[in-house]
Amino acid sequence: MNGTHLNGLEGTNPLGFLAALGIQVAFASKPEQPSLWWSDDITPHAIIDNDFSIERISEQALKIFAEWKDSPALNPKRIDDSTMDKGDELKFASSDIRLYLKRGCQCSSSGALASALVAEGSIDRKGEAKPSDLYFTAGQQKFLDMARQILGGVSQEEVLTGLRGPWSYKSQLPSLMWDISDDRVYALTADDPAKDKKLTNPGPEALAILGLSLYPVFAGRGRTLTQGCSGSWKNGYYSWPLWYKPARPHSVKSLLTHASVPDQQPMNTDRYHWFCSWSISKILRSEIRRSSQGGYGTFAPSDVIWQDQRNTTLKK
């Protein structure tokens, strides 16, 4: 099937998947919006309509990055324009959560990001907002400050490199830790990887911030529930679908909502027959690992937990 192949955005890497979603978000305000689907290679990569070249994507993305960087969703303030306490860490006081969500949702597409980060009524034992399961920062790292640095510092060439691949890992801009290469296990290296200066790919990182907005959070019993995530805060999983037919933005939102594999669900349920009818080729899942000190998060390499077993020639 013809289309613009984005070889750098691999569907087996959560960062590549979120970045591909971010492309559709970048064009949300435009009359013409791209369809998205995935190749049938051993390592699937994102494909979008022929009308959307990588140059067109990068130009539109940079415009949206600038808008989001200055939006209320990434700059939480009170009515008097004062900065919210621990706002950059998303550790809002309970009384500030509603105001943050209200101001954030008054904006265009960036408003959805606020609803993907915190939920009203979902607080921790300290009475502070409990963020999304996809919040991997901790300690001195401040999520919103890092996101603003990425969106404000990424260049068009870095976006193009991220789309084309291979990723170069040359930038010193922050990382929100959604790349599976961030899961650097000390036991498998000769030296402590924490001593190395971490280099990143800000193009996919910036697009993934847009893509995160498609994963709303909700107040659950004792914790924040994140669409696409399961398990507990310390022992969680993130799962996502890959599909082989072009899907418009609203269809993609539906797939993200319904195409998941809950823990311990029998494999013979109707849900898995629906996957085939929805043109889903596979469901992948990555373990969310959090350090015992500080709670920094990373994604483990992904596993295929469901796959369409039909002849792949039917998908072409």
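Visitor: How many of the residues of H7 are buried?

Guide: Helix H7 is mostly covered. This holds for the predicted model shown above. Among the residues concerned are Pro202, Glu205, Leu207 and Leu212. Of the eleven residues in H7, the number buried is eleven.

Visitor: Which helices do the buried residues of H7 pack against?

Guide: The buried residues of H7 include Gly203, Ala206, Ile209 and Leu210. The helices they pack against are H1, H2, H4 (111–115), H5 and H6 (156–164).

Visitor: What do the buried residues of H5 pack against?

Guide: Helix H5 covers residues 143–153, and its buried residues are Phe143, Leu144, Met146, Ala147, Arg148, Ile150 and Leu151. These buried residues pack against helix H2 (54–69) and helix H7 (202–212).

Visitor: How are the rings of Phe92 and Tyr100 arranged: stacked, edge-to-face or tilted?

Guide: Both Phe92 and Tyr100 are buried. The count of aromatic pairs in the model comes to 15. In the pair of Phe92 and Tyr100, the ring centres are 4.5 Å apart. Their planes stand at 35°, which lies between the cut-offs of 30 and 60 degrees, so the arrangement is tilted.

Visitor: What kind of aromatic pair do Tyr238 and Trp240 form?

Guide: Tyr238 and Trp240 have 5.0 Å from centre to centre. The angle between their planes is 20°, and planes under 30 degrees apart count as stacked. The pair is therefore stacked.

Visitor: Is Tyr238 buried or exposed?

Guide: Tyr238 has a relative accessible area of 0%, and Trp240 likewise has 0% relative accessibility. The limit for a buried residue is under 20%. Tyr238 therefore counts as buried.

Visitor: How many of the residues of strand E7 are buried?

Guide: Strand E7 covers residues 236–243 and has eight residues. E7 is largely enclosed by the rest of the structure, because the number of its residues that are buried is seven.

Visitor: Which residue stands opposite Tyr238 in E8?

Guide: Strand E7 is joined to strand E8 (residues 280–290) by eight bridges, and the two run antiparallel. Ser286 is also among the residues that Tyr238 touches. The residue of E8 opposite Tyr238 is Ser286.

Visitor: How many residues lie between E6 and E7 in their hairpin?

Guide: Strand E6 (residues 229–231) pairs with E7 in the antiparallel sense over three bridges. Within this pairing, Cys229 stands opposite Tyr238. E6 and E7 form a hairpin, and the number of residues between them is four.

Visitor: Which residue in E3 is the bridge partner of Thr4?

Guide: E1 and strand E3 (residues 45–48) run antiparallel and are joined by four bridges. In E3, Thr4 has as its bridge partner Ile48.

Visitor: Which ring does the charged end of Arg56 sit over?

Guide: One case of a charge over a ring is Lys130, which lies over the face of Trp233 at 4.0 Å from the ring centre. For Arg56 the distance to the ring centre is 4.2 Å, and the ring belongs to Phe52.

Visitor: Is Leu99 buried or exposed?

Guide: Leu99 lies in helix H3 (residues 94–105). Beyond its neighbours within four places in sequence, Leu99 is in contact with Lys77, Arg78, Ile79 and Met84. Its relative accessible area is 18%, and the limit is under 20%, so Leu99 is buried.

Terms used:
Residues numbered from 1 in each chain as written. Predicted model: local features only at pLDDT ≥ 70, side-chain atom pairs only at ≥ 80, totals over all residues. Heavy atoms only, no water. Buried < 20%, exposed > 50% of the residue type's maximum accessible area, 1.4 Å probe, protein only. Contact = heavy atoms within 4.5 Å. Phe/Tyr/Trp six-rings, centres within 6.5 Å; stacked < 30°, edge-to-face > 60°. Lys NZ or Arg CZ within 6 Å of the ring centre and 35° of its normal. Pairing = 2+ DSSP bridges.
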